[in-house]
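Q: Could you walk me through this model, starting with the pocket and then moving on to the strands and the packing?

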Amino acid sequence: MLEDFINAFKNFKSNKTRTFLSLLGIIIGVASVIVITSLGSSSTKQIENTFGTAGLDVVSVSSGFMSRRGSSSSVTFDENARTELFDNIKNIKKIWYKNTLNATMSYGETSSSVNCSAVETGYLEMYNLELENGMFFNVTDNEEGLQKIILSHDTAESYFPAGDAVGKNVLLVASKVTFNFEVIGVLKEQSTGMENGAAFIPYGFYSKKIKPNPAASNVMVQATSSDAAINLVTDIKNYYTNKTGSEYSVNVMGMQTMIEQMNEITGTMSILLSAIATISLLVGGIGIMNIMIVTVTERKQEIGIRKALGASPGAIRQQFLIESASITLTGGIMGIILGIIVSLAVEYVQSNEFVVNTGACIITFVFSVFVGIFFGLNPASRAAKLDPVIALSGE
């Protein structure tokens, strides 16, 4: 068999143009599949990096719209709602209430509108947000509704370019009332996660000074684990659907579920595009079959001599099958290398992390070799069935 491989590559060297044309379809097909699957894997990795690992166990719940016009069914996220969720749904670790308000913040001559979030004690820590300076809210800050504020990295940099925000006082205008807040912390810069507020104040302050006894606009339900968060989305939807009679009474979104859905979409697109790219492999296989038929015709005398010397039909068949498979084997290796190079170039231009889909490389390579064997079977069988007398005559 090794000798057949050596002879196959010798024949390739003697027919370089024909060999190159045979390889071209296989190289393009394999490279296309590698590029598509690698870009798909890189996109999946980018999605995971964008959202990060923090918050994968958190499910966001907010009021939806009614399916029936004029329906009185509605959901209010007050303390009773918090108790009901705990009592009726399993795998809940913690429930956080959050309200947002658009306010104008000023310090010295700097003033701008900011997206301010009123959060409960421990909310920021739950998202694994870290402090660059200062401290988080404590229980007293929330219970007494103290006028303290934590700024995001970008907000603090805009108002305090010297980096001395902690301990300073800023003015916050909300509901046409001006409040004086002490900056107690600055968050580290973050590029991942779903929590991207510009400033945070105690939820207790919001409920006492901005809107007494408010219903939360957003409820963050923390599951006992990331895996439990997936089922928690369905459980919360079903609970409120049964309670209100409308499946649109609440909007429920889990980061883990959202990532899985996006990965599923990306994976489906990669499979569809790979299937299209695989067609070029089949076209390349047909080209190899045609060229191998021509090769068998040209080498009739060689086949006749081998048979006259005692070569069996099986040995002749094996020789040409190995030659056909060698073309696709070589094309598969070159296609994988080309595909990785092209993928690296695309990812470099897009400044994304490159991920090689190893499974796709292996499957595509094996498939390319199978294509060579499958489409080489007919020419190899023709060669094996040749009559040695007719083959020696060259007719």
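Q: What should I know about the source and the numbering?
A: This is a predicted model, in which local features need pLDDT of at least 70 and side-chain atom pairs count only at pLDDT 80 or more, while totals for chains, interfaces and linings use all residues. Residues are numbered from 1 along each chain as its sequence is written, and side-chain values use heavy atoms, with hydrogens and water left out.

Q: How much space lies in the largest pocket?
A: About 230 Å³, where a pocket is an open set of points on a 1 Å grid over the protein atoms alone at which a 1.4 Å probe fits, with protein on both sides within 12 Å along at least five of seven lines. The volume is the space filled by probe spheres set on the points, which are joined across faces, edges and corners.

Q: What is the lining like by class?
A: The lining has 5 charged, 4 polar and 4 nonpolar residues, with Asp, Glu, Lys and Arg counted as charged, Ala, Val, Leu, Ile, Met, Phe, Trp, Tyr, Cys and Pro as nonpolar, and the others, Gly among them, as polar.

Q: Which helix gives the largest share of that lining?
A: That is α7, with 4 residues; α5 (139-144) and α7 (203-210) each supply at least two. Helices here are DSSP runs of H or I with at least four residues, strands are E runs of at least two, and both are numbered from the N terminus.

Q: Is α7 itself enclosed or open?
A: It is largely enclosed by the rest of the structure, because 6 of its 8 residues are buried, which means under 20% relative accessible area, with exposed set at over 50% and partly exposed in between (1.4 Å probe, protein chains only). The buried residues of α7 are Tyr-203, Gly-204, Phe-205, Tyr-206, Ser-207 and Ile-210, and they pack against elements including β2, β3 (110-119) and α5.

Q: Changing topic, how do β1 and β10 run?
A: Strand β1 (residues 58-63) and β10 run antiparallel and are joined by 5 bridges, where pairing requires at least two DSSP bridges. Val-59 stands opposite Gly-254 in β10.

Q: Which face of β10 is covered?
A: In β10 (residues 250-254), the covered face holds Val-250, Val-252 and Gly-254, whereas Asn-251 and Met-253 are on the uncovered one. In a regular strand the side chains alternate between the two faces of the sheet.

Q: Is Ser-60 buried or exposed?
A: Ser-60, which is found in β1, is buried, with a relative accessible area of 16%. Not counting residues up to four places away in sequence, Ser-60 touches Asn-218, Val-219, Met-220, Asn-251, Val-252 and Met-253, contact being heavy atoms within 4.5 Å.

Q: What about Ser-74, buried or exposed?
A: Ser-74 counts as exposed, at 55% relative accessibility, and lies in the loop between β1 and α3 (79-88).

Q: Last one: which residues touch the most others in the largest nonpolar core?
A: Phe-77 and Val-221 do, in a core of 49 residues, where a nonpolar core is a set of buried Ala, Val, Leu, Ile, Met, Phe, Trp, Tyr and Cys residues joined through side-chain atoms within 4.5 Å. Helix α8 (residues 226-244) gives the most to this core, with 7 residues. Apart from it lies another core of 23 residues, among them Leu-281, Ile-303, Ile-327 and Ala-383.

Key:
On a 1 Å grid over the protein atoms alone, a cavity is a set of points where a 1.4 Å probe fits but cannot get out, and a pocket is an open set with protein on both sides within 12 Å along at least five of seven lines; lining residues have an atom within 4 Å of a point.
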